[in-house]
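I opened this entry to look at how the ligand is held. My notes follow the display.

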Amino acid sequence: MITPLVEARDVVKRYGPTVALADGRLTVLPGESHALVGRNGAGKSTLVNVLTGLQAPDEGTVRFDGEPAPPLADRDAWRRKVACVYQKPTVVPELTVAENLFINRQPLQRGFISWRRLHKEAAALLDTWDVHVDPEARTADLKVEDRQMVEIARALSFGARFIVLDEPTAQLDNREIERLFSRIRALQGSGVTFLFISHHLQEVYEVCQTVTVLRDARWITTAPVADLPRPALVEAMAGEAVTGSAQQARDAVPGDAPVVLDVQGLSSESYDHIDLTVRGGEVVGLAGTSGSGKIELAETVAGLRTPTGGTARVQEKPLPFGDVRAVLKAGVGFVPRDRHDQGLVSGMSIGDNATMTVLDRLGRRGFVGTDRKRRFATGLIERLDIHAEGPEQPVSDLSGGNAQKVVMARALASDPRLLVLVNPTAGVDVKSKESLLARVDSAREDGTAVLVVSDELDDLRRCDRVLVLFHGRIVAEHPAGWHDHELIASIEGVDSMPEGVDHG
Ligand SMILES: Nc1ncnc2c1ncn2[C@@H]1O[C@H](COP(=O)(O)OP(=O)(O)OP(=O)(O)O)[C@@H](O)[C@H]1O
Ligand SMILES: [Mg+2]
């Protein structure tokens, strides 16, 4: 019998009336990469909070190497056992990599920080774990994957050999994900054990050997990934057999549909002379790597940025660049890239967040009946499959994916003429993704123009056409029906395979 590196048993965790975990269990063996999957709100992050000593469970036990977990207050002891890398950085962006690695434990020379030794030790540490990052670089300037590697190296330097990755790939493009994965594999080879949380089931199959499924706050199963093919895995997550949703045939957008968004010669530091139109009832995708300018372009159309040249018109009126409120008034709904920073007001309830863009429509002269608002918000919560107690619950209580759905609810609430969506399904589970994308489909049916920026092929597949940006310029246009490799080739800036070659 191998002693598990980590073992959680009978874990119960309540938040007021919410039972976030009713039967949390996890057994991770040394040296494996273990996936933890489940729908939004299933209890994954809650279990991680318990495993990393951020929160005490109401019931149940956690053991490391057969020994009971340290008391909650002994942070140093926890740091020697486990660390979690989140989407949001836990390093200080203004500090250098070396300073972040040795924060609060800098090498001292006669009472002063020895910068020379600090940099030397940091370089040695990064070298040990094969992390190719300059110790003197400002952490804010690092690429996301490098920042994540610095956090992992820091955790390893405390002695931890168990690293939790909670949705680490949600902000990475395909190439960055590949690089992160090859580093994870290398670290696994050096004896590091990983717990990996992701809604991208493909990633689970790529990097993990074992998978644990949570559903409705309960442990459902733990199995080798090889024994749980994708349909069985989705069934374990959803609690019901999931039939492959057939790709719906859709009617082409009529050529005489009105142009809702008309962009001409738009330029900024991030993109160059962009011409693009989106008609009512048309869904246009924008694809590209993280440096392609696709997000900056979408944020310009949403009123977050001012271009250096060119024009954009929404329903024939000039778009008021740089003024989010005016752009919203002009009929543009927006799902921003980062729900933490740009998305939600964390002190407010779900209902207030979802309806804040439409208060003038819900009531006269600024007065909104609470009943009316409540009914409206409840409707949105149902339609978007948001797992919550009700509209009064603060958004800060929501799980990551459910928070993303509130952002989407708000964008849809104003019945926009143009919807601008940036990574709309990031962090959203497989089933909720379907209902979210179905909402986009019905907006399209109603004649809304939609501009979708996404790294997800599933999001882009629903588009009438996909434009690919490369170094700030539109380099390709793919009408619906493209093959994955064709789109990926133009995103990566390599020519697609020549005509007539059979590429399976
Ligand atoms: N601080 C909190 N206060 C109240 N309820 C909370 C709090 N944190 C989490 N919850 C609730 O506990 C449940 C489990 O949330 P958790 O964050 O563990 O889900 P998750 O599996 O990580 O989901 P996701 O995939 O969306 O991130 C959810 O219903 C959530 O709303
Ligand atoms: Mg979570």
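Predicted model: local features only at pLDDT ≥ 70, side-chain atom pairs only at ≥ 80, totals over all residues.

Ligand 1 and its shell

Domain 1 (6–239) and domain 3 (352–415) each give at least three residues to the shell around ligand 1.

Next I looked up the secondary structure. I found that β2 (18–28), α1 (44–51) and α15 (400–413) each contribute at least two residues to that shell.

I then went through the residues themselves. There are 20 residues around ligand 1, and Gly41, Lys44, Thr46, Ser399 and Gly401 come nearest. By type, I have four nonpolar, 12 polar and four charged residues in the shell around ligand 1.

Which side chains place an N or O atom 2.9 Å from an oxygen atom of ligand 1? I noted Asn40 and Ser45. For the side chain of His199, I have an N or O atom 2.8 Å from an oxygen atom of ligand 1.

I also checked the cover. On its own, ligand 1 has 640 Å² of accessible area, and the protein covers 88% of this.

Last, I looked up the pocket. The space that ligand 1 takes is the second largest pocket.

Notes:
Residues numbered from 1 in each chain as written. Chains lettered and ligands numbered in written order. Heavy atoms only, no water. Near = heavy atom within 4 Å. Polar contact = N/O pair within 3.5 Å; in protein donor to acceptor, adjacent residues only side chain to side chain. Areas by Shrake-Rupley, 256 points an atom, 1.4 Å probe, with all protein chains shown as cover. 1 Å grid on protein atoms, 1.4 Å probe; cavity = no way out; pocket = protein on both sides within 12 Å on 5 of 7 lines; lining within 4 Å. Sits in = over half its atoms within 2 Å of the grid points. Helix = DSSP H or I, 4+ residues; strand = E, 2+ residues; numbered from the N terminus. Nonpolar A, V, L, I, M, F, W, Y, C, P; charged D, E, K, R; others polar. Domains from an automatic or database assignment.
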